[in-house]
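Trainee: I would like to learn how to read this structure with some care. Could we begin with the place where the two chains meet?

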Amino acid sequence: MAEAVRAVGLTKTYVTGTTSVVALDDVSITLASGTVAALLGPSGSGKSTLIKALGFVSPADRGEVLFEGRSVVKDGTALADLSELRRRHLGFVFQKANLTSFLTARENVEIACELGGKGDGRRRARELLAYLDVAGRERSYPEMLSGGEQQRVAIARALANEPSLILADEPTAALDSVRSRTVMELFRKVAHERGAAVLVVTHDHRALDVFDVLYEMEDGRIRPATAAGGARR
Amino acid sequence: MNLAIRDVRRHLPRFVGTAAGLGLLLTVVIAMQGIYAGMVDDATILTRAMRADLWVVQKDTRGPFAESSRLDPSVEARASAVPGVRSARPYTYQLIQRERGGAVMRIALVGLGWPDDPGSSLPLVRGRLLAQPHGEMIVDASLGLGIGESLVLAGERYRVVGLTANALTSGGDSVAFLSVADTQLVAFDQPAEAVVLERARIVERLRRTDLGRGQPALEELATDPRWRAPSLASPPVAAVLIAADPHRVAEVRRTMRSWGDVSVYTQAEEEALLLGGVVERARMQIGLFSVILTLTAGVIVMMVMYNLTLEKTHDLAVLKLMGAPRLRLLGMVLQQAWLLGALGYALAYVLGELAYPMFPRRVLITTTLAWAAPLATFVVVTLASMLGVSHVMRVDPARALEG
């Protein structure tokens, strides 16, 4: 399978006064297109820092990130327009849906289409909402949607720019087990049907069988997970 | 997709409320400026309407408006004889206060040099000019008198024959134009009791002096009921207005300044004296109020825009994370500020149209004010949005990932 993103030797240290914390310690990871991967690990293990580095939000101090084979960030220096890269090729899903509060469900997806340079954003937004079974709520504001509906809209928004890479940071933390599994299955569906690489940070071990690959982080280091499930490790 | 409009739509009541508050503030700011412009116009309309090249006033005084000026009426004849003078007219100016129908009327009586000046330079909107030297007057419409109505002054009835528009003093008092002789009658009128008492005082003084004792005829003269002591001398005028040949104004002025009993001002100098003396303090006061109100409006808009932006911090972080260009987000804040300004100004405009005519002082929206007010609003709201703009610049997209 084609490689969507590859990180090599990422190291990131947070310094607060005289205290320094190593959030990423020589982390290397490759995410292939069309696969859905889970990133497990306790709080403070470096998962969010890795997501930020892979999502070109907050670069690591050292190491390199390659996107579709092209070096994009090296040793903390951007080699490309990261904002443009996020806009065109990346999708994000958050713990809380983080929908834009003053936009309706459809507009939340539409703005992402627009930013991603996808023509006829309104039509595409409607298609995506239908794909994720929330077509009936397109005129609703985020506060009018249930947690599950919000997360579906957030996934639709993440898909709006036809991303090569979707990064999801604990997207089911606020959902019950049934809705949680539904969302995870949606990620699998997106990865397999649309060919995107999906990395999901999760604490939820009940739906690990949905993932193709499992990674586990601890103390800033990454290793293949030992968790049970149908996934390859 | 216009994010500014979407955000306004979502928070419409608050946005409209803020625009309404801004609109009210702008109404007051514009009114302040309009009142000042009206005050200047009112103050100078009196001098402009007289169409004089030179104002001859009492020596070392600042003319009839800034301070009292008493000039011997013979100056008129003397001035007429100066080479280059086309005409010389007497001018009087005095403020009176009368009650009519229970309401207080403050009126500035301005004397017109009948028959040369029946009021032909006045901004007449109805009626006619003075047609006789006594018993007629032209008044400003703001006085509330109609054509044909009359007013009793100093025991005489004066009929309104013409109405002017916006003929007011710098103090906002309505002006009534009468012949100079009539204004002098009003100015120097004495009640019968005062005349009797004055006669008695004269007789008493005559009896105490050799002059009175030696010439008894003087006492008879003083007690003659047809004789009114003050009218022995011609009453003074406030100024003499000179119309000169255009190319000889300076020469005429030089000649008159050589006289020991008068001061001479050009039309522009007379206006400057009037504005500098009477209006200057009001201008500074109004200017200060306007600056304070403008700053208040600016601070309010700034805080509203900043709070609106602050509330959207997370939304902005998400949009930045999604790759929204910074300019687009800055544009959202600026567009909202401009929309706020536009709505506020529109409201101020409508309120002004409705309310300004009801103000006790004239609110004059000059051409300059008409374009400066929206421009100033635009500048103020743009500057006021800078705090919000700087917040947008500082928002870190990583905040979107922080739950």
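Mentor: Between chain B and chain A there are 11 residue pairs in polar contact, both residues being at pLDDT 80 or more, where a polar contact is a pair of N or O atoms within 3.5 Å; within protein, one atom must be able to donate a hydrogen and the other to accept it, and residues adjacent in sequence count only if both atoms are side-chain atoms. This is a predicted model, in which local features need pLDDT of at least 70 and side-chain atom pairs count only at pLDDT 80 or more, whereas totals for chains, interfaces and linings use all residues. Residues are numbered from 1 along each chain as its sequence is written, chains are lettered from A and ligands numbered from 1 in the order in which they are written, and side-chain values use heavy atoms, with hydrogens and water left out.

Trainee: Which elements of chain B supply the side that touches chain A?

Mentor: Helices (H or I, at least four residues) and strands (E, at least two) are DSSP runs, numbered from the N terminus. On the side of chain B that touches chain A, helix 1 (3–10), helix 11 and helix 12 (326–355) of chain B each supply at least two residues, and the largest share, 6 residues, comes from helix 11 of chain B. The residues of that side divide into 13 nonpolar, 4 polar and 9 charged, with Ala, Val, Leu, Ile, Met, Phe, Trp, Tyr, Cys and Pro counted as nonpolar, Asp, Glu, Lys and Arg as charged, and the others, Gly among them, as polar.

Trainee: How many residues are in contact, and what area is buried between chain B and chain A?

Mentor: The size of an interface is often given as the accessible area lost when the parts come together. Buried area is taken with a 1.4 Å probe and summed over both parts; between chain B and chain A it is about 2400 Å², of which carbon and sulfur atoms give 60%. In terms of contact (heavy atoms within 4.5 Å), 26 residues of chain B meet 26 residues of chain A.

Trainee: How many salt bridges are there between chain B and chain A?

Mentor: A salt bridge is a side-chain nitrogen of Lys or Arg within 4 Å of a carboxyl oxygen of Asp or Glu. There are 4 between chain B and chain A, including that of B:R6 with A:E107, whose closest N and O atoms are 2.9 Å apart. A search of the whole structure, over all chains, finds 32 salt bridges.

Trainee: Is helix 11 of chain B mostly covered or mostly exposed?

Mentor: Buried means under 20% relative accessible area, exposed over 50%, and partly exposed in between (1.4 Å probe, protein chains only). Helix 11 (residues 313–321) of chain B is mostly covered, since 8 of its 9 residues are buried; among them are B:L316, B:V318 and B:K320. After this helix comes B:G323, whose phi is positive, near 95°.

Trainee: Where do A:E162 and A:R124 lie, given that they form a salt bridge?

Mentor: The closest N and O atoms of A:E162 and A:R124 are 3.5 Å apart. A:E162 lies in the loop between helix 5 (147–159) and strand 8 (165–169) of chain A, and A:R124 in helix 4 (residues 121–131) of chain A, so the pair ties together parts that are 38 residues apart in sequence. A:E162 is partly exposed, at a relative accessible area of 48%, whereas A:R124, at 9%, counts as buried.

Trainee: What separates A:E110 and A:R106 along helix 3 of chain A?

Mentor: They are separated by about one helical turn, because they stand 4 residues apart in helix 3 (residues 105–115) of chain A. A network of salt bridges links A:R106, A:E110, A:R122, A:R126 and A:E138.

Trainee: In what order do the strands of the open sheet in chain A run?

Mentor: Two strands pair if DSSP finds at least two bridges between them. The 5 strands of this open sheet follow the order 2-1-4-5-6, with antiparallel pairing, and strand 2 (19–32) and strand 6 (77–78) of chain A are the edge strands, each pairing on one side only. Strand 1 (residues 3–16) of chain A is joined to strand 2 by 10 bridges, and A:Y14 stands opposite A:V21 in strand 2.

Conventions: Buried area is the accessible area (1.4 Å probe) that two parts lose on being put together, summed over both.
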